[in-house]
Amino acid sequence: MAGRRRGWSIGAVVLGLLLPLTGCGGTGTDAARAEVQHLLDRRSAALLGHDETAYGATGSRTEYTRLRALPLASWSYQVTALRRTSSGATADADLNFRVAGYDRAPVDVRRTLALGRTADGMWYVTSDRPAKGAGQQLWDQGPVTAVKGAHSLVLGTGRTAALSGYAALADRAVPAVSRAWGTGWSRHVVVLVPRSLQAMGALLGSPAANYRGIAAVTTGEAGGSGRAPADRVVVNPEAYAALGDIGKQVVLTHETTHVATRAHTTAATPLWLSEGYADWIGYLGTGRTPAEAAPELSRAVRDGHAPTRLPSDKDFGFTSDPAELAQAYEGGWLACRMVAAHLGTARLGAFYRAVGAHDKRAGAVEDALKKVLGTTPEAFTERWRAYVRTQLG
């Protein structure tokens, strides 16, 4: 309600309109918020109880129709603010929900609900949308379809047959990751498949152009270990469709690796390690040679531009030059491949965990290199440079 003051009388009128709904703990505020909170509690209970009639009694049924296929273990709102509008009120709320069988802790998202009021003073919901600055949820884009695999849950707004293909690939990815990383994770993955690149950007709350050419990303949402989040794998259906069968499997195995390693991925973990490790597992068993898996870095080596340093975090920015971005991923993959080839899979996993055990970047890699791999950053980099030239030259 910010604006230029026009005099005491108008200010008094505005204040009079606001007092019943906002303020610093007045009884009108408390009563209105309590009423709206009770409304949202009833609405949540109806959704969880699959009671469409009771849900409809609280207002718009749009969300019920779109959410009915989503297997929910919990769903609740906490009203954080209430503002009067010309047609009723607007509520800000924190929505917490868990997908049954997959989320160990609630996903927490910010929502804005428009409210109307009946002639006898009863509140009802007219719309429920993402709060300003918050990304969309899948149900904001249409009715959700769910396909459950042996180790996966694929959620989309498209045809069930197409989603079943993603579930089959994800079901192969989970045991592949467990064989290399171990079984100390949920061993389940949730995959979101929006209709388009634009829809993907809306889910991630970022411009769609940032993900053009990116087949999938993993975003932390629900609690997996108490400290670190588990993840949703979000697919770019346009880029993903352009991949061959092996490429599609590599992408989903890569992203599933991020889900498995999340509890050991911290601010101390450089992207060359987290992305390289995910690619290393992704390519296991595919039969791809280094030149086939790292075409951009191969070209650079042939042209006399072999890398002189490990990729920096900045090199992995989605807005980077596509060739440079590919070289960053390929360089990280070769670093992890080198460790596994020379010291073994277990030592590579131990190195990853040792880096992530630090809270800060400074000194983390250096300490893990010394304690787990018995080397220094300088020696490791030189060995990696030689490995790149040998494998790709």
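**Exercise 1. Find which exposed residues sit on the face of helix 14 turned away from its buried side, and what lies on the other side.**

Step 1. Look at the outward face: the exposed residues there are Lys370 and Lys371. "Exposed" means over 50% relative accessible area, "buried" means under 20%, and "partly exposed" is in between (1.4 Å probe, protein chains only). Helices here are DSSP runs of H or I with at least four residues, strands are runs of E with at least two, and both are numbered from the N terminus.

A quick note on the model: it is predicted, so local features need pLDDT of at least 70 and side-chain atom pairs count only at pLDDT 80 or more, while totals for chains, interfaces and linings use all residues. Residues are numbered from 1 along each chain as its sequence is written, and side-chain values use heavy atoms, with hydrogens and water left out.

Step 2. Now list the buried residues of helix 14 (residues 364–373): Ala364, Val365, Ala368, Leu369, Val372 and Leu373. They cover an arc of only 125° around the axis (taken from the directions from the helix axis to the C-beta atoms), so they are on the same side of helix 14.

Step 3. What covers them? The cover includes helix 9 (271–283), helix 12 (322–343), helix 13 (345–356) and helix 15 (377–392).

Step 4. Check what comes next: Gly374 follows helix 14 and has a positive phi, near 65°.

**Exercise 2. Work out how helix 5 and helix 8 pack.**

Step 1. Start with the geometry: helix 5 (residues 160–181) and helix 8 (residues 245–261) pack at about 55°, with axes 8 Å apart. Axes are lines fitted to C-alpha atoms, for helices over the stretch in contact, and angles run from 0 to 180 degrees between N-to-C directions.

Step 2. Name the arrangement: helix 5 and helix 8 are therefore oblique to each other. The cut-offs are under 35 degrees for roughly parallel, over 145 for roughly antiparallel, 65 to 115 for roughly perpendicular, and oblique for the rest.

Step 3. Pick out the contact, meaning heavy atoms within 4.5 Å. Among the residues making it are Tyr166, Leu169 and Trp181 of helix 5, and Lys248, Gln249 and Leu252 of helix 8.

Step 4. Sort the contact residues: 10 are nonpolar, five polar and two charged. Ala, Val, Leu, Ile, Met, Phe, Trp, Tyr, Cys and Pro count as nonpolar, Asp, Glu, Lys and Arg as charged, and the others, Gly among them, as polar.

**Exercise 3. Describe phi and accessibility for His50 and Arg187.**

Step 1. Recall the background: most residues other than glycine have a negative phi.

Step 2. Take His50: its phi is positive, near 55°. His50 lies in the loop between helix 2 (27–48) and helix 3 (52–56), and counts as exposed because its relative accessibility is 56%.

Step 3. Take Arg187: its phi is positive too, about 60°. Arg187 is in the loop between helix 5 and strand 7 (189–193), and its 40% relative accessibility makes it partly exposed.

**Exercise 4. Is Asp279 buried or exposed, and what does it touch?**

Step 1. Locate Asp279: it lies in helix 9.

Step 2. Use its relative accessible area, 11%: Asp279 is buried.

Step 3. Leave out residues up to four places away in sequence, and Asp279 touches His254, Tyr329 and Trp333.

Step 4. Finish with a distance: the C-alpha atoms of Asp279 and Leu334 are separated by 9.1 Å, and the two residues are 55 residues apart along the chain.
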